Amino acid sequence: MKQRFEIAPLIVESENLTKVQLNKLIKDHLPEVKISNIQQSRQKSFTLYSIDVKSFNCLLNDLTAIIQTNTNQQVVIYIPKSIQRILDNNKEAYVKQIDLEITEDEIKQVLEEQGYKAEKITRLVNKDNEPLKTIKITFINAYNRDLFVKLGLQIDSMHFSAEPAKYNNKPAQCFKCFKFGHIAKYCKAEKQICSRCAEENHTHINCPNLQGSPVCRNCKGGHTATSTECSKYKEFQQKIQKTIDQYSSTSKVARTPAPNNNWNNLEEFPQLKSIDNINLIEKITEQIISAVEQATQRIFETLNKKFQTLANKLGFDIEIDAEAELEETVRIKNNINKNLGQTSPRNELYETNNNQNETPGIGIKRKDISPNILSQKSKNLNTNQSL
């Protein structure tokens, strides 16, 4: 994925400096600077590509003095104009429909109170020098501008929307040779070229080939040299837009569109459990719990009968702790319900066990019988038998 806010390159222009000499000066005097490449764009001109912001600032601020001191020649270091315009646009915002009664000083005071740092505030004027309702604000950096665009301008109870400055992706075109990338002021062509027929020594106004089809000066297509349908025009425009996307603070990273799912295609979605299946599982679980309770009840009924018979033969009176028995029964049943993922109301269990005539179920707790009592009971039994 392409990174945003990439470091801008620097142009170094000198009188008589080679690429190797420039590299050695940077290496000896600026060892902390990190550069990915040094390219010679044209004679006596080099392009430096810094890796980080610290290296960029160091080259921009210190390299000029280093070259002048060690080589005794004049040098100029600057950011390419095409990139500089984008960086300047990153700091500009426009606010429209601001009443003429609101002055620039009032806007400046409001921005300072809200924490913004602005360099310049200007109200635009028309060709007759009459003030308009549009304000241009230049901030110290792109961060202040971007935040301001998101929040807008708030003056007391009045809110005004803000928008970022637009970027111009229209390539420069010379109106002498009609090539792209420069203007007529810097054109090196000796003869005027016609924008309609692409021939020399006349303009489109007095073109002798008005009856014929137009011919493009750049791509030889069937249109004039100033047409936006020209393939060369589009090529230069794409290069400018690529640079804008690279250095603009408002450029958006392209997102992959979400897939267009067919909501009627059941194969694209997982099969959900139907309500009938869930009800069936609950019914089976209840039946299992009921069967376990009944089986446990029968087991303990049998054990109770055998224990009671044995106690009668020995002549013991066994008392059953009903309350402890009920609590134990509730605890065991709740454990069964928990293991099977079901919950059973506690009051139902109490209602079923409140009947004193029913045989105690699971978890019967009986009073402890002292060994001394058992011994005394045995002696009495033996005495009766001897009598």
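This is a predicted model: local features need pLDDT of at least 70, side-chain atom pairs count only at pLDDT 80 or more; totals for chains, interfaces and linings use all residues.

Colleague: Why give me both an angle and a distance?

Modeller: Because two packed helices are described by the angle between their axes and the distance between the axes.

Colleague: Are α1 and α2 roughly parallel or roughly perpendicular?

Modeller: Angles from 65 to 115 degrees count as roughly perpendicular. The crossing is at roughly 110°, so α1 and α2 are roughly perpendicular to each other.

Colleague: Is that crossing left-handed or right-handed?

Modeller: The crossing of α1 and α2 is right-handed.

Colleague: Let's pick one residue. Is Leu59 buried or exposed?

Modeller: Leu59, in helix α2, is buried. Its relative accessible area is 0%.

Colleague: What does Leu59 touch, not counting residues up to four places away in sequence?

Modeller: Leu59 touches Leu10, Ile26, Leu30, Val33, Ile35, Leu48, Ser50 and Ile77. Ile26 is also one of the α1 residues in the contact with α2.

Colleague: How far apart are Leu59 and Ile77?

Modeller: In sequence, 18 residues. In space, Leu59 and Ile77 are 8.5 Å apart, C-alpha to C-alpha.

Colleague: Switching to a strand. Where is Thr138?

Modeller: Thr138 lies in strand β7, which runs over residues 131-139.

Colleague: Buried or exposed, that Thr138?

Modeller: Buried, with 14% relative accessibility. The cut-off for buried is under 20%, so Thr138 qualifies.

Colleague: Which residues is Thr138 in contact with, leaving aside neighbours within four places in sequence?

Modeller: Lys91, Glu92, Ala118, Glu119 and Lys120.

Colleague: Now the whole protein. How many helices and strands?

Modeller: The protein has 10 helices and 10 strands. It has 387 residues, and 29% of them count as buried.

Colleague: And what is the accessible surface?

Modeller: About 27100 Å². Carbon and sulfur atoms hold 50% of that.

Colleague: Last one. What share of the contacts with a separation of 6 or more joins residues 24 or more positions apart?

Modeller: That share is 58%.

Key
Residues are numbered from 1 along each chain as its sequence is written. Side-chain values use heavy atoms; hydrogens and water are left out. Axes are lines fitted to C-alpha atoms, for helices over the stretch in contact, and angles run from 0 to 180 degrees between N-to-C directions. Helices (H or I, at least four residues) and strands (E, at least two) are DSSP runs, numbered from the N terminus. Angles under 35 degrees count as roughly parallel, over 145 as roughly antiparallel, 65 to 115 as roughly perpendicular and the rest as oblique. A crossing is left-handed if the near helix is turned anticlockwise from the far one by less than a right angle, and right-handed if clockwise. Contact means heavy atoms within 4.5 Å. Buried means under 20% relative accessible area, exposed over 50%, partly exposed in between (1.4 Å probe, protein chains only). Accessible areas come from the Shrake-Rupley method with a 1.4 Å probe; for residues, only the protein chains shown count as cover.
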